[in-house]
Amino acid sequence: MQIKLGQNLLGANAAIAGEIRRLMEEKGILLLNLMSSPGAGKTTLLEKTLAALKDRLRLAVIEGDVATTKDAERIARLGIPVVQINTHGACHLDAAMVRDVLPAFDLDGLDLLIVENVGNLVCPAEFDLGEAMKVVVLSTTEGNDKVPKYPLMFREAGALLLNKIDLLPFTDFHLDELADDLGRIHPGLPRFDLSARTGEGMDRWSEWLLAQVEERRRR
Amino acid sequence: MALMESLVGVLASEAPRHNIAKIKKVKLTVGALTHALPDALQFAFSVLREQPLFAPGAELEIEERETRGRCRDCGVEFAVEGNFGFLCSGCGGFAVEIIQGRELQIDYFEGD
Ligand SMILES: [Zn+2]
């Protein structure tokens with residue numbers, strides 16, 4: 001016997017993501033899904049962003065990690081509520097994992113909730129977490145080929161952070177090639193060239209993020 | 001692997017509803033934009049089909065679909081080459097909607 005299904009494999013995930021999105025809208029929280037390849041410097045960037053905003057916004061973090069709690073400990077040291085999701089080897093977070101940890105936060109007292117996704121550009125792009133915005137971190141040391149290789153990620157992003165801009169002279173990364181590629185995939189994508197390590201460009205990004213949260217709250 | 005696990009999850013709940021005890025074949029449609037590699041899916045399936053839900057040697061058929069876009073300005077439909085050229089081949093516009101390539105769909109399954 002043949003049974004026709006026509007069911008999307010990610011259908012169940014999409015339904016849960018929809019619930020999360022509605023809840024975040026109701027509470028006026030901006031939910032960010034922060035994604036990158038391994039080694040793009042995402043955790044350091046997140047730490048610096050949180051430090052810049054913590055006196056102006058009520059923040060919390062969901063830390064996705066394959067196995068360790070190291071990154072979550074770095075966030076907790078800033079005095080910011082953080083919950084770690086250990087994916088037990090899975091290469092991405094899914095909406096159910098996020099939903100299950102939401103009760104750990106005081107959602108009525110939050111403005112911005114950042115999910116640090118597992119370091120990997122492929123699978124996380126496919127799993128909607130109910131976020132208001134995907135933010136992709138790319139670093140100058142990764143080379144230009146990430147953008148053409150993972151176009152969906154860059155197409156769906158609400159902002160692109162180009163990290164390690166201080167190392168630009170020591171790499172073969174080309175800013176004009178990046179601009180070209182983005183022009184074909186996602187024209188108008190807000191892009192912030194910065195270095196989490198030196199702090200260069202961090203103000204512009206933090207101010208922009210603050211403005212996004214404020215716009216959300218006014219709605 | 002995660003995708004194949006969700007596949008098994010869906011089948012585990014659907015098969016009993018249709019009185020199917022052993023699944024012999026599953027047909028999937030996979031769009032190029034998902035980056036789900038057919039070889040990797042086949043490998044994951046070869047591991048997961050050892051579960052009692054499947055008949056011995058159960059088969060996974062994968063239909064691959066290219067990425068296609070439609071221009072919001074001029075309405076032209078075109079293949080997005082190399083998953084990359086999100087630029088209208090008709091008018092050169094940027095407002096391209098993805099109409100094919102994101103599928104990850106179980107079309108049907110067969111069994112007794
Ligand atoms: Zn056109």
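In the predicted model, strand 1 (residues 23–31) and strand 2 of chain B run parallel and are joined by eight bridges. Within this pairing, B:Gly31 has B:Arg65 of strand 2 of chain B as its bridge partner. Helix 2 of chain B, which spans residues 38–48, lies across both strand 1 and strand 2 of chain B. The direction of helix 2 is at about 165° to that of strand 2 of chain B.

These two strands belong to an open sheet of four strands, in which the pairing is mixed and the order is 1(A)-6(B)-1(B)-2(B). Strand 1 of chain A and strand 2 (54–65) of chain B are the edge strands, each pairing on one side only. From one strand to the next, the twist averages 15°. In general, the strands of a sheet pair through backbone hydrogen bonds, in either a parallel or an antiparallel sense.

The sheet includes a pairing between the chains. Strand 1 of chain A, residues 2–8, pairs with strand 6 of chain B in the antiparallel sense, over five bridges. At A:Gln2, the residue standing opposite in strand 6 of chain B is B:Glu110.

The interface was then examined as a whole. Contacts involve 30 residues of chain B and 28 residues of chain A. The accessible area lost when parts come together is often used to give the size of an interface. Between chain B and chain A, the buried area is about 2,700 Å², and carbon and sulfur atoms give 63% of this area.

Polar interactions across the interface were also computed. The rule finds 10 residue pairs in polar contact between chain B and chain A, with both residues at pLDDT 80 or more. On the side of chain B that touches chain A, at least two residues are supplied by each of helix 1 (2–17), strand 5 (96–100) and strand 6 (104–111) of chain B. Strand 6 of chain B contributes eight residues, the largest share of that side. By residue class, the side of chain B that touches chain A consists of 17 nonpolar, seven polar and six charged residues.

One salt bridge is found by the rule across the interface of chain B and chain A. The salt bridge is formed by the side chains of B:Arg102 and A:Glu156, with an N to O distance of 2.6 Å.

Methods: Residues are numbered from 1 along each chain as its sequence is written. Chains are lettered from A and ligands numbered from 1 in the order in which they are written. This is a predicted model: local features need pLDDT of at least 70, side-chain atom pairs count only at pLDDT 80 or more; totals for chains, interfaces and linings use all residues. Side-chain values use heavy atoms; hydrogens and water are left out. Contact means heavy atoms within 4.5 Å. Buried area is the accessible area (1.4 Å probe) that two parts lose on being put together, summed over both. A salt bridge is a side-chain nitrogen of Lys or Arg within 4 Å of a carboxyl oxygen of Asp or Glu. A polar contact is a pair of N or O atoms within 3.5 Å; within protein, one must be able to donate a hydrogen and the other to accept it, and residues adjacent in sequence count only if both atoms are side-chain atoms. Ala, Val, Leu, Ile, Met, Phe, Trp, Tyr, Cys and Pro count as nonpolar, Asp, Glu, Lys and Arg as charged, and the others, Gly among them, as polar. Two strands pair if DSSP finds at least two bridges between them. Axes are lines fitted to C-alpha atoms, for helices over the stretch in contact, and angles run from 0 to 180 degrees between N-to-C directions.
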